[in-house]
Amino acid sequence: MGNFYRDNNDIQFLFRHIDLGKLAKISEENFRFAGEFESAPANADEAIQNYDMVLDSLGQLSADFIATRAEDVDRQGNILNEDGSVTRAKGIADAIEKLGKAEFMGFTLPHRFGGLNFPNLVYSIAIEIVSRADAALMNIFGLQGIAETINAFADEQIKQQYLPDFAAGKVTGAMVLTEPDAGSDLQAIKVSGHDQEEEKPARVYQDAEGNWFVRGVKRFITNGCGEILLVLARSEPEISDGRGLSLYLVERGPWVKVRRLEDKLGIHGSPTCELFFNDAPAKLIGERQRGLITYVMSLMNGARIGIAGQSLGIAEAAFRVARDYASTRKQFGVTIEKLPAVRDMLIDMKIAIEAGRALLYETSRVVDMHIGGEKQLETNPPEDKALLKQLKNNSRKYKRLAAMLTPMSKYYCSEMCNRVAYDSIQVLGGSGYMRDYACERYARDARITTIYEGTSQLQVVAAVRGVCSGTAEKYLTELAEQDYDENIQDLLEILADGTKKMNEAIAFIKGNGNEYMDLYGRPLVDIAIDLINGYLFCSQASTKVDMQVPLAENSQADNGKTITIKQRKAMIARRFVTKNAPEIAALTELVCTGDKSTFNEYETLVGPVLAE
């Protein structure tokens, strides 16, 4: 029997390296639910044991059931029925049923609704595991943020009506944001393009009794055939920007029709729908005018962390195909993993995945700290003024940090995923281009990760604000002040020098305005991510976790069979930090060139628009 949780040594290590007990105490609100709900843990050890048991069960289900059906799901896809409903691929439908029966569809929901009440960090691990098995299924499993948004912002009646069904896996959801004329620019939403029958602007409106209705078109809706739809719509026609948007809950019914299914490059098991709302009854979530500014931004941040986890799962699956192939495929009388070029590719793929995992898990930890602090301030603030002040300061710190790390994680992991999937095909050569091997599917599935839930370019725009505002510098200073082993002190010096270079680049950018910041945001964000990951690897290399990991049979290590995780992480930290140091210097030099030809010479360099 396979297990996508137990067979991943890096996940096993990070599960023990990160202070999950602290996150459990926050999620369980100092374990006050233990006497009220049977599923609630009484202490940190019990909570961690629960996390481990659930991930173990999910890892087995992913390996033995979900992954074995992924190829058929990819080939089968979804079917649009004449009545506007959708029939999912059998493997997806069966997997959703099993996930629901196993009570895996309410990872972060509170106990009182039948949820597991797990930290976001554990949910990120789960998303990675499921995505390794089938990235398309993750697009449904990973939409639990729909329920979390309802829990965070809806009134109690709506929560009681819908959240138990989410936790039980009886319903799935969709976030219905995009419109034909409003892609990433959500402020441009009308409610949608044009009414199919009447060809007039679609709208959300109220009747005489104050009931809400939605009419119009939405496009590119992941799992748009789900039972519960959160619809972003313009409730204030006189306000043209994001302040005029509200969020509504619409149940699937005869008033919602799937007009078409998108014919996509990858993630074929995930239905991407164009929806027509025909005077669909709607329930307002929270308050009017906060739909985009508060509710959807919270939902999008969770979704972006989910896509980072999806990217990790795809990359892990693609790497394993390449690694296995390289260890058995012979060319020129040797297995191809003995060829320096192939060996170097595999090492870079492996370390890139572990860097993405370190960044995502740290981001998830920070998000848990932020959410926990906000919840305590709202429900149970300390009476002591000094403690209250400290809690408020920490809450603001984690909010700023989460706002920077979330787009960083989505950007880094999705770009890394595409590189690893592409290189996996390269390692297999011509075989990798054929459907005989799964790596061509992984490459097709990977491509969307840099696009949906905000393109890489938009993630950079969001992240670079955090870098230039001082958040990155403060965070790197905190990381530098942690305790590290003596044998990696030289790496810390390299990272400190890299931080100075980052600050030089920031100062230069600030002297050239916001437009220049957006132009050179990507290299600056790359510098910050490399430094953060460098410190995270150094922290892992200084771990107290006592764990042995296996070596490849042809390893030249002294023991020939296993090595401590601490020794291995020290090797990774050294290769990562020293290899990236020249790149950081080069990126700093690039940022400081002052080259503005993109602005001044665009028309000449790109050439005229050519009429067909």
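**Aromatic pairs and helix packing**

F33 and F37 are both buried. The model is a predicted one. A search of the whole structure returns 16 aromatic pairs. The rings of F33 and F37 form a pair with centres 6.4 Å apart and planes at 55°, so this pair is classed as tilted.

F537 and F576 form another aromatic pair, and its geometry is edge-to-face. The ring centres lie 5.1 Å apart, with 70° between the planes. F537 belongs to helix α17 (residues 521-541), while F576 belongs to helix α18 (residues 565-591). The pair therefore ties together parts that are 39 residues apart in sequence. F537 has 0% relative accessibility and so counts as buried. F576 has 7% relative accessibility and also counts as buried, because the limit for this class is under 20%.

Aromatic side chains are also grouped elsewhere in the model. One aromatic cluster is made up of Y51, F104, F107, F118, Y123 and F141.

Helix α18 also contains A581. The relative accessible area of A581 is 27%, so A581 is classed as partly exposed. The C-alpha atom of A581 is 7.8 Å from that of L495. Along the chain, A581 and L495 are 86 residues apart.

Two helix pairs were examined for packing. Two packed helices are described by the angle between their axes and the distance between the axes. Helix α3 (residues 44-76) and helix α4 (residues 90-101) have axes that come within 8 Å and cross at roughly 155°. α3 is therefore roughly antiparallel to α4, because angles over 145 degrees fall in that class. The crossing of α3 and α4 is left-handed. On the α3 side, the contact involves L58, L61, F65, I66, R69, V73 and Q76. These residues meet K90, G91, I92, D94, A95, K98 and L99 of α4. By class, the contact of α3 with α4 comprises eight nonpolar, two polar and four charged residues.

Helix α11 (residues 385-428) packs against helix α13 (residues 456-468). Their axes are 8 Å apart, and the angle is about 140°. α11 and α13 are therefore oblique to each other, because a roughly antiparallel pair needs an angle over 145 degrees. The crossing of α11 and α13 is left-handed. From α11, the contact draws on M404, P407, M408, K410, Y411, S414 and E415. Their partners in α13 are S456, Q459, V460, A462, A463, G466 and V467. By class, the contact of α11 with α13 has eight nonpolar, four polar and two charged residues.

S597 is placed in helix α19 (residues 597-600). The relative accessible area of S597 is 17%, so S597 is buried. Leaving aside residues up to four places away in sequence, S597 touches Y602 and L605.

In summary, the F33 and F37 pair is tilted, whereas the F537 and F576 pair is edge-to-face. For the helices, α3 is roughly antiparallel to α4, whereas α11 and α13 are oblique to each other. The crossing of α3 and α4 is left-handed, and so is that of α11 and α13.

Notes
Residues numbered from 1 in each chain as written. Predicted model: local features only at pLDDT ≥ 70, side-chain atom pairs only at ≥ 80, totals over all residues. Heavy atoms only, no water. Axes fitted to C-alpha atoms, helices over the stretch in contact; angles between N-to-C directions. Helix = DSSP H or I, 4+ residues; strand = E, 2+ residues; numbered from the N terminus. Parallel < 35°, antiparallel > 145°, perpendicular 65-115°, else oblique. Left-handed = near helix turned anticlockwise from the far one by under 90°. Contact = heavy atoms within 4.5 Å. Nonpolar A, V, L, I, M, F, W, Y, C, P; charged D, E, K, R; others polar. Phe/Tyr/Trp six-rings, centres within 6.5 Å; stacked < 30°, edge-to-face > 60°. Buried < 20%, exposed > 50% of the residue type's maximum accessible area, 1.4 Å probe, protein only.
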